[in-house]
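Visitor: I am new to this structure and would like to learn how to read it. Could we go through it one feature at a time?

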Number of protein chains: 2
Amino acid sequence: MASEYKTRTGDDFDRDQFESLLRRKVFMWPSFEPYGATKGLFDYGPPLENLEAEVMNIWRDHFIRHERMMALKCSMLTPYRVLETSGHVAKFADYMCKDPLTGDILRADHLIKDVIESRLKSDREARGEKVSAVEEDPKLKKKKSKVTKTAVKLDDAVRKEYEHLLATLDDCTGDDMGALIKKHDIRSPISGNEVEPPVSVNLMFQTQIGATGKEPAFLRPETAQGQFLSFQKLLEYSDGQLPMASASIGYSFRNELSPRNGLLRVREFLMAEVEHFVDPESGKKHPKFASVRHVKLPLLDRKTQTEGGSTPTITTIGEAVDSKLVDNETLGYFLVRIMTFMQRIGMDMNKLRFRQHMANEMAHYAADCWDCELLNSHGWIECVGCADRSAYDLMVHEKATGTFMKVREDLKEPYEVEEWQANLDKKKSGPKLRKDQSKVEAALSELSQEMKEKLSITMADKGKVELPVSEMEGGKVELDKDIVTFVKEKRKVTQREYTPNVIEPSFGVGRILYSLMEHVYWTRKGDEARSVMSFKPTVAPIKVLVVPLQKDTRFATLLSELEGRLDDAQLSFKVDQSGVSIGRRYARNDELGIPFGITVDYESLEGKGFTLRDRDSTKQVRASLDEILEAVEKMCKGKETWEGVSGRLPVFEGKVEEEGKEE
Amino acid sequence: MASEYKTRTGDDFDRDQFESLLRRKVFMWPSFEPYGATKGLFDYGPPLENLEAEVMNIWRDHFIRHERMMALKCSMLTPYRVLETSGHVAKFADYMCKDPLTGDILRADHLIKDVIESRLKSDREARGEKVSAVEEDPKLKKKKSKVTKTAVKLDDAVRKEYEHLLATLDDCTGDDMGALIKKHDIRSPISGNEVEPPVSVNLMFQTQIGATGKEPAFLRPETAQGQFLSFQKLLEYSDGQLPMASASIGYSFRNELSPRNGLLRVREFLMAEVEHFVDPESGKKHPKFASVRHVKLPLLDRKTQTEGGSTPTITTIGEAVDSKLVDNETLGYFLVRIMTFMQRIGMDMNKLRFRQHMANEMAHYAADCWDCELLNSHGWIECVGCADRSAYDLMVHEKATGTFMKVREDLKEPYEVEEWQANLDKKKSGPKLRKDQSKVEAALSELSQEMKEKLSITMADKGKVELPVSEMEGGKVELDKDIVTFVKEKRKVTQREYTPNVIEPSFGVGRILYSLMEHVYWTRKGDEARSVMSFKPTVAPIKVLVVPLQKDTRFATLLSELEGRLDDAQLSFKVDQSGVSIGRRYARNDELGIPFGITVDYESLEGKGFTLRDRDSTKQVRASLDEILEAVEKMCKGKETWEGVSGRLPVFEGKVEEEGKEE
């Protein structure tokens, strides 16, 4: 399939060829294939598993070690109540429509979008406009839609209505979408059938802990909740000091109704989430911000998007924070660190941008959000979300459990305040209020100063007051002056208590790995069958390819010495002793992204060293084993480049690459 | 609680003090504590999370890289049918008894064992025998059993019956256990109530994939099944050559009915499993076995255990394999690699043994099994299982799915065989057999040579035969000579097809980490309040503690230079600037297991370098920053020891440790 997305060398990206490479070289495949595969679940084979391990080691180094974050591992199985409090039970849901005849489940918003977009496309075709290749919907193609595809022209009014509909779809409730489906006669694009009205379906996987049936639980939809519930431990570990950050690398689960686009929307996925806790009053300053002020980022703000633009502005993070485009230093610092992480693992910086969320896009807990988006053949894909979750989560958990989840800070200058106080005489109130005692206490403590003053006047006047207590029967209680008194008292304030705000950079690892694989993929000029995966040596799944010139028992001793040395240097390697030409062997392993090749030839037998080949340039040098191993080790640690190595070691002019063409 | 288990310095191990350290230093805690914690689920705080990451990096290096295994990541969510085929739906279950009055769920075997053991203990007390401290059951203590604890003497016959019962408990069915509970009036030790008869409860967490209700699934109970279902991909990646091994680091889940003993029996846990596929005919030889023949292992065989012994025999793996004590070279090679892995991460080798499984202990799929057991305060705990799973899994999945899961090997010397062949004339059979055609074909292909010969005689005699086809109605079909013929034919055999056998080392990471923490824990002589976690520098969660002598702004520049250099060297560090004495600060961080301390003092300000302190010996050297960083880097990579460093750098005689006592 042709597309407008280009490879790093500027050629058209051929997704079929790319996906064929991923299959052939066992990077990944749908899980449980012998049982018919399960949608939205993928297995990683050796190249991708090793790539993930390398990338996550860099992530640990870049964030946990360098930023001195507190690494945390929390449970995936999560009790019902935790996710009820966090809002996920009520709000982490999609609307779905059922096709009553086939039993198919369709996501309501996807359904509407797909059908309306296809009508608009058909309209453009009918009016003779060019339709770009990326608009072809592969899903519809494969499922062989029964809906006929004759181009149909729309009325101008209808076209405008459709365009407005798409722009506002994210704001629709389930009922809104039900109405749209009726009004526009939207049917299943697979079967052509009418669908049932949208029903809200929670996206969490539910299960039971234990055998009693009393402990309903979910698989967590994000790693964040466990981190929030560990807040007090983390604060203790940090000696009570903010800012502090926890970081968690772990799996989350979303029971997607219609998983699509391979690794981009899956049901089980690795996340790396940072929860950075800050004092909301100290302005979210960041101590290291000065060191990154000058760094330039591509920022696509809300305003540009509202105006229909999609070109990011390149600006320094210093300017962006000064102008309040990016809300604060901490958020800004993280955007920079996210970008340098992407650089470090070898992402194409021309295919990266930061996009500010529109107001209607944000999760139920978020106050502001910037996504790091990576361009791949599926479009611009959110790979890192960087949200300001405010104090939402800590506050709801504190309220639900009664566990103190605030920071207490000693004031440098204690001060006095005069405040209205509601004093309950528990000896007298106990017998009267009985089990409602604690509800009344809570209601009293939540009264505002104004309300307390008001009640003191009523009390002085009538000798009794009526207190609203929503949790009690009738919603209120009458209290007389024997039981409660309202007095104005002086109090010395020595501490400040506050709920921290949380800034959360959240990485979708599968999406990052998939984008990286697309970014490093290219084909050799003049020979499109020769694909190369140009992983940086630091992340490459295998570091060295060992190729004896041909099958010859005389190479055995030298090969085994070489293998021993590579093993001592802790370098992963693969030996290709197959009978085909050396060029073919290199070509075959370029697809695995092995950055360096060591050839053992007849001159090696004479003690004249080995040749070292660079995957990307196919250039070679010849040197002693010690020199070669030193160079490879340095390059795999990111401490030297091929340019450096080929500058200092003698270049070798072989002709092996000419034999490299596939039959 | 006193116990017979000793620390590495030979002192009594105080589990309460140890657990208090784990809590205080936030190594771990029960998950979701603000919601009342959930049994069998634990969160890892920064020290334990980092320890796990270091240990797993070594595991990857020791197994995946060094042994060139194929790393694999498979899905945790697993369709019902996969685990039905593997036998887990039917057999991965425990028997439980319900206390009808309290709703408590008790594992039947644990219940019987606990009650009978407590009666035997009471009998020993009544007879005046000494009862060792490890027999105290902490669970009963804490739950405040209602069962009175007066020592009761038993009849000799009853005592013998009880002892026999305990020895044979593992062989009991659910009905057997039900009968034992009735016969011996076994009641809940918590409530004293009678319990309901044992019911089999599956230990897998069940859920649903998608919203249709048509895709029941489990969370996998082991990582192995995904690896088996990837067999063809792995074989392709290995160019069709055996032996080959896959390795998977991932989470599994078991819905334990009564989780106990902290990290030793949990509901969600990290495993590292290797599936080593071998040709069953080539005798499970291992190419590298010669290199490990001489290595000595502590082996506790089946025979010794049957005779009541528990002392392992120290023997070389060469002798053990030669004498068939260990079944084959491959199994033997893995036992050695497991032991060297444990050594590498710092396990106490005096607390390690390999124990052969008794026949009644093995999982439903296993043919032979050796456990690597580690001694900790809970006893000898299985931490690595090393099972021979034979060809069981590949065969059942092949049968259930029709996917070819064998190896095809070209024979060097093809040969001819003469065999009876059953030929179905499909043109004629089709109209008659219709939908049963394929069942008849399958039944014919499964006929033995003898059966085919017999049927050929019947056919010649009567012109028709009766073929048993279990899947068809009536269980058989009549076929006449027009439809099927039996002939003896010569056939050239050029390939051999076989199902590989699988040897599976399976690591329980949580148990290994917990045992490691107990093994490295000790208290300083003469000051038992000063606990130390002596993690090897290679696995220590944090590598360096930085301590300025006291609070003094003059240290700021030097501190920030030091921090920058540590960061460049990618060494994790912690700065302790609190006001307490330097000795107190060291003592406090010895509990986190930080191996090295760098002190910044007034001589440092004068350019006279820094002191470097070794956690275990509390000895110090003084040297330049370059020398210190080089030494620390080498020690953290396992390339130098403190002995080496203190031999070549000038020793520093400080008196700081004297101040180290806690108040």
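Visitor: In which sense do strand 3 of chain B and strand 10 of chain B pair, and over how many bridges?

Guide: A word first: the model is predicted. Strand 3 of chain B pairs with strand 10 (residues 244–253) of chain B in the parallel sense, over two bridges.

Visitor: What is the order of the strands in the open sheet of chain B?

Guide: The open sheet has nine strands in the order 3-10-11-21-16-15-14-12-13, and its pairing is mixed. The edges are strand 3 (70–71) and strand 13 (313–316) of chain B, each of which pairs on one side only.

Visitor: How do strand 14 and strand 16 of chain B pair with strand 15 of chain B?

Guide: Take one neighbour at a time. Strand 14 (residues 352–356) of chain B runs antiparallel to strand 15 of chain B, and five bridges join them. On that side, Arg355(B) stands opposite Asp371(B). Strand 16 (residues 379–390) of chain B also pairs with strand 15 of chain B in the antiparallel sense, over nine bridges. Strands 15 and 16 of chain B form a hairpin, with two residues between them.

Visitor: Is strand 15 of chain B mostly covered or uncovered?

Guide: Strand 15 (residues 368–376) of chain B is mostly covered, with eight of its nine residues buried.

Visitor: Which residues of helix 16 of chain B are buried?

Guide: In helix 16 (residues 437–445) of chain B, the buried residues are Gln437(B), Val440(B), Ala443(B) and Leu444(B). Viewed down the axis of helix 16 of chain B, these buried residues fall within an arc of 130°, so they line one face of the helix.

Visitor: What do the buried residues of helix 16 of chain B pack against?

Guide: They pack against several elements of chain B, including helix 15 (426–433), helix 17 (449–462) and strand 17 (407–424). Strand 18 (464–468), strand 19 (476–480) and strand 20 (484–498) of chain B are also among the partners.

Visitor: How much area is buried between chain B and chain A?

Guide: The size of an interface is often given as the accessible area lost when the parts come together. Here about 7,100 Å² is buried between chain B and chain A, and carbon and sulfur atoms give 57% of that. In chain B, the residues that lose the most area to chain A are Tyr35(B), Lys73(B) and Tyr237(B), together 13% of what that side buries. The contact takes 84 residues from chain B and 84 residues from chain A.

Visitor: How many salt bridges and polar contacts are there between chain B and chain A?

Guide: Ten salt bridges are found across the interface of chain B and chain A. In one of them, the side chains of Asp567(B) and Arg65(A) meet at 2.8 Å, N to O. Polar contacts between chain B and chain A come to 38 residue pairs. Helix 2 (residues 46–65) of chain B supplies the largest share of the side of chain B that touches chain A, eleven residues.

Visitor: Why does Thr499(A) count as buried?

Guide: Buried means under 20% relative accessible area. Thr499(A) has 14% relative accessibility, so it counts as buried. Thr499(A) is found in the loop between strand 20 (484–498) and strand 21 (501–508) of chain A. Leaving aside neighbours within four places in sequence, its contacts include Pro280(A), Ala391(A) and Met405(A).

Definitions and conventions: Residues numbered from 1 in each chain as written. Chains lettered and ligands numbered in written order. Predicted model: local features only at pLDDT ≥ 70, side-chain atom pairs only at ≥ 80, totals over all residues. Heavy atoms only, no water. Buried < 20%, exposed > 50% of the residue type's maximum accessible area, 1.4 Å probe, protein only. Helix = DSSP H or I, 4+ residues; strand = E, 2+ residues; numbered from the N terminus. Pairing = 2+ DSSP bridges. Arc of directions from axis to C-beta. Contact = heavy atoms within 4.5 Å. Buried area = accessible area lost by both parts, 1.4 Å probe. Salt bridge = Lys/Arg side-chain N within 4 Å of Asp/Glu carboxyl O. Polar contact = N/O pair within 3.5 Å; in protein donor to acceptor, adjacent residues only side chain to side chain.
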